[in-house]
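These notebook entries record what I looked up in one structure, entry by entry.

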Amino acid sequence: MWVLHTILGLAVIGLLGAAAWRLAGRTSGGEPPVRLLAALVWWWLAVQLAAFATHLPLPGEALRVGAFAVVAAGLVLWKVPAGERRPALDPRAGPLLAAVAVGTLLLVGLVLRRPALGFDALQYHLPLPAAWEGGGGLASLPTVIDGLPVEAYPVGMEQALGWLIRVSGTTAIASLLPVAAFGLLVVALWTMTRRLGGSVAAGWGAVGMVALSLPALAGAGAVGNDVLAVLLMAAGATVALDAVLGVREQRPGSIDGLLVGAIGLLLALGIKTTTACGVLVGLLLAWSVRRELWARLRERPLWLAPLLLALACGGAWLTRNLVLHGHPAWPLLASSFGDAVPPVLDVADARFAEHPGRAIDLGWDLYLKQAWPLVLLLPAALALLRPGLRRSWPRALALCGLVGAAAWTVAPATGNLADPATLVGATRYALPCWALLAVAAWSWPGERWRPWVAAAAALTVLAQIVLAYTTLKDIDDRLLRLPGDQTLIAVLAGAAVALEAATGPRLRAALLRPVVGAGALAVLAIGLLVATPGFWSRHAYAVESAAPPSSDRPILVQGSVPAWSLGAHGDPGAVVVDSCPELLRALAAGRVVAIGPGVPPAERCKLPGRPTVVDSFAVWVPGG
């Protein structure tokens with residue numbers, strides 16, 4: 001029965017993709033890569049709305065989960081005519097798309113075979129959907145980490161994961177979202193650099209500095225929100241930038257792309273607030289064509305509907321926190337009249353700007369490994385702002401990137417001196433401004449610098465690959481190392497395909513044929529079906545942990561919710577219980593119970609028998 005559920009669920013997800021592609025064809029006037037990024041924006045908006053639609057009082061779970069998606073996609077495919085024929089694919093983009101396709105498909109196979117989900121995925125990205133499942137649906141937002149109200153974070157990705165898992169009936173689909181995001185991020189960075197006038201090599205240089213950095217490589221192979229947030233920001237900025245340039249080139253209908261890009265930038269806020277620097281880019285782009293934009297909104301006021309929906313999806317959590325807790329960025333920040341920062345965060349609420357010298361002294365070698373491109377990008381961005389330089393969009397991106405970098409230095413948890421690895425790990429929060437700075441720097445050099453740009457791009461890509469390999473092989477924790485290892489293998493395969501496709505047009509043409517794409521999607525669906533039953537067992541084997549127990553009822557836990565309580569098919573989830581007698585009664589009644597790793601020993605419930613340790617959770621199985 002679950003096989004049929006998964007096939008129908010994948011069909012619903014694909015139906016949303018077809019509708020998004022149709023809308024992108026009508027609302028973006030650029031080349032195929034730009035249309036692909038516009039389709040991503042529309043698809044993500046549809047997934048967010050489908051997740052929110054589970055709150056509707058419809059009879060039956062199937063209607064609540066899938067009705068909105070089917071109806072919305074059907075209406076779009078019925079009422080929205082196919083767009084006009086768009087420009088043909090730039091031959092210079094062929095190697096890029098071929099490399100992304102092969103590398104992404106390979107990485108999908110690797111993460112399904114050995115799904116090392118990553119620390120944050122086990123901490124709250126997957127526990128949130130597990131808690132929603134145990135609580136009866138996406139409407140509940142419980143605290144799932146000891147003392148940490150993660151429901152106050154922007155949970156756009158977690159809500160999307162919850163809907164995707166619920167509609168497809170497989171938890172394995174969670175591993176595919178960051179993989180797809182990584183591949184599309186490469187496309188977005190390359191395309192944005194090219195639209196700003198950068199050479200093909202400059203596009204690869206921007207990709208090398210951002211997508212091949214250690215934070216991005218690790219995020220692509222694990223279930224995290226860093227790469228996805230940067231992708232949505234970069235996709236929105238690319239589509240919006242293409243639209244503004246199209247207006248300047250007097251390309252008909254280009255202004256619609258700016259509105260699509262604005263939707264993407266707003267949706268990115270619902271994943272990570274660090275993407276606010278991308279919203280600043282959108283505002284500058286909108287101001288440059290304000291007359292055309294206002295005329296288009298007056299002509300088609302219906303555009304206000306998706307814009308307001310995107311604003312609601314992106315800003316729902318910020319508004320909720322402001323109303324309930326007195327600050328939009330609570331629990332990381334607090335106002336004088338609102339709730340205080342929770343104690344569990346207060347101890348790590350240090351900022352880089354408070355002691356930059358001490359932070360660099362503690363982790364300077366780790367900083368160089370994690371974020372050495374910023375050492376070059378920051379002065380390059382400052383050089384773009386020097387007086388007398390002609391006004392340009394690279395200069396605007398550099399300004400927005402510098403604003404984002406300055407905001408990073410005063411962000412909580414960027415200056416925690418207790419652990420150098422944790423301190424330097426906060427560089428991943430800088431990925432959004434990092435991407436803007438990289439695109440600005442690589443797109444600036446003129447024609448006479450192109451030979452030097454090509455050499456610098458090749459050195460950048462090579463340096464990032466070597467640095468990633470030498471760093472990852474020294475990490476002992478498989479939970480941290482394996483996601484980066486697998487992404488690096490896929491990157492090497494993609495790079496080999498890009499080199500071959502650049503010199504061999506036959507390979508490029510073969511890989512980009514529609515029938516090959518359809519075959520890849522079929523292989524992907526079959527892979528999900530095969531990978532689903534033993535998903536958590538393979539995860540346990542990959543990270544050398546005990547396999548989680550199976551249960552047909554929600555698991556009862558003290559402290560925090562385990563990610564593996566989702567099970568292979570996205571159920572049954574877990575429920576947090578504060579009463580020790582209730583846990584004892586549940587265990588006696590044949591329920592699986594667990595205690596989270598964050599519960600102090602003195603506060604742990606005393607349960608009979610010897611527990612099994614699964615992903616740091618102490619687990620009791622009836623009769624075990």
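**Entry 1. A proline and its peptide bond**

I located Pro 572 in the loop between strand E1 (555-558) and strand E2 (574-576). I note at the outset that the model is a predicted one. I then looked up the peptide bond from Asp 571 to Pro 572 and found it to be cis, with omega near 10°. For context, I recorded that most peptide bonds are trans, and that most residues other than glycine have a negative phi.

**Entry 2. Positive phi values**

Asp 615 is not a glycine, yet its phi is positive, at about 50°. I found Asp 615 in the loop between E4 and strand E5 (617-620). Asp 615 counts as buried, because its relative accessibility is 17% and the cut-off for buried is under 20%. Ser 616 also has a positive phi, near 75°, and is likewise a residue other than glycine. The loop between E4 and E5 holds Ser 616.

**Entry 3. The disulfide**

How many disulfides does a search of the whole structure find? I found one. I recalled that a disulfide is a covalent bond between the sulfur atoms of two cysteines. Here the bond joins Cys 580 to Cys 605, with 2.0 Å from S to S. The link of Cys 580 and Cys 605 is left-handed, with -80° about the S-S bond. Cys 580 lies in helix H26 (residues 580-588), while Cys 605 is in the loop between strand E3 (593-595) and strand E4 (612-614), so the pair ties together parts that are 25 residues apart in sequence.

Cys 580 is partly exposed, at a relative accessible area of 26%, whereas Cys 605 is buried, at 5%. Cys 277 takes part in no disulfide; the nearest cysteine sulfur, that of Cys 433, lies 5.6 Å away. This distance rules out a disulfide, because the sulfur atoms would have to be within 2.5 Å. I recorded Cys 277 as buried, at 6% relative accessibility, and Cys 313 as buried, at 4%.

**Entry 4. Helix H8 against helix H11**

I next looked up how helices pack. Two packed helices are described by the angle between their axes and the distance between the axes. For helix H8 (residues 176-195) and helix H11 (residues 226-248), the angle is about 30° and the axes are 8 Å apart. That makes H8 roughly parallel to H11, because angles under 35 degrees count as such. H8 passes H11 in a left-handed crossing. Among the residues that meet are Leu 177, Phe 182, Leu 185 and Met 192 in H8, and Val 227, Leu 231, Ala 234 and Leu 241 in H11. By class, I found 17 nonpolar, three polar and two charged residues in this contact of H8 with H11.

**Entry 5. Helix H4 against helix H8**

Are H4 and H8 roughly parallel or antiparallel to each other? The axes of helix H4 (residues 94-113) and H8 come within 9 Å and cross at roughly 165°. H4 and H8 are therefore roughly antiparallel, because the angle is over 145 degrees. The crossing of H4 and H8 is right-handed. The residues in contact include Leu 97, Val 100, Thr 104 and Val 111 of H4, and Val 179, Gly 183, Val 187 and Trp 190 of H8.

**Entry 6. Buried places**

I looked up helix H10 (residues 214-221) and found that seven of its eight residues are buried, so H10 is largely enclosed by the rest of the structure. The buried residues in H10 are Leu 214, Pro 215, Ala 216, Leu 217, Gly 219, Ala 220 and Gly 221.

Gln 486 lies in helix H22 (residues 478-503) and is buried, with a relative accessible area of 1%. Neighbours within four places in sequence left aside, Gln 486 is in contact with Leu 107, Leu 110, Val 111 and Arg 114.

I placed Arg 166 in helix H7 (residues 156-168). Arg 166 counts as buried, at 15% relative accessibility. From Arg 166 to Ala 396 I noted a separation of 230 residues in sequence and 41 Å in space, C-alpha to C-alpha.

How values were computed
Residues are numbered from 1 along each chain as its sequence is written. This is a predicted model: local features need pLDDT of at least 70, side-chain atom pairs count only at pLDDT 80 or more; totals for chains, interfaces and linings use all residues. Side-chain values use heavy atoms; hydrogens and water are left out. Axes are lines fitted to C-alpha atoms, for helices over the stretch in contact, and angles run from 0 to 180 degrees between N-to-C directions. Helices (H or I, at least four residues) and strands (E, at least two) are DSSP runs, numbered from the N terminus. Angles under 35 degrees count as roughly parallel, over 145 as roughly antiparallel, 65 to 115 as roughly perpendicular and the rest as oblique. A crossing is left-handed if the near helix is turned anticlockwise from the far one by less than a right angle, and right-handed if clockwise. Contact means heavy atoms within 4.5 Å. Ala, Val, Leu, Ile, Met, Phe, Trp, Tyr, Cys and Pro count as nonpolar, Asp, Glu, Lys and Arg as charged, and the others, Gly among them, as polar. Buried means under 20% relative accessible area, exposed over 50%, partly exposed in between (1.4 Å probe, protein chains only).
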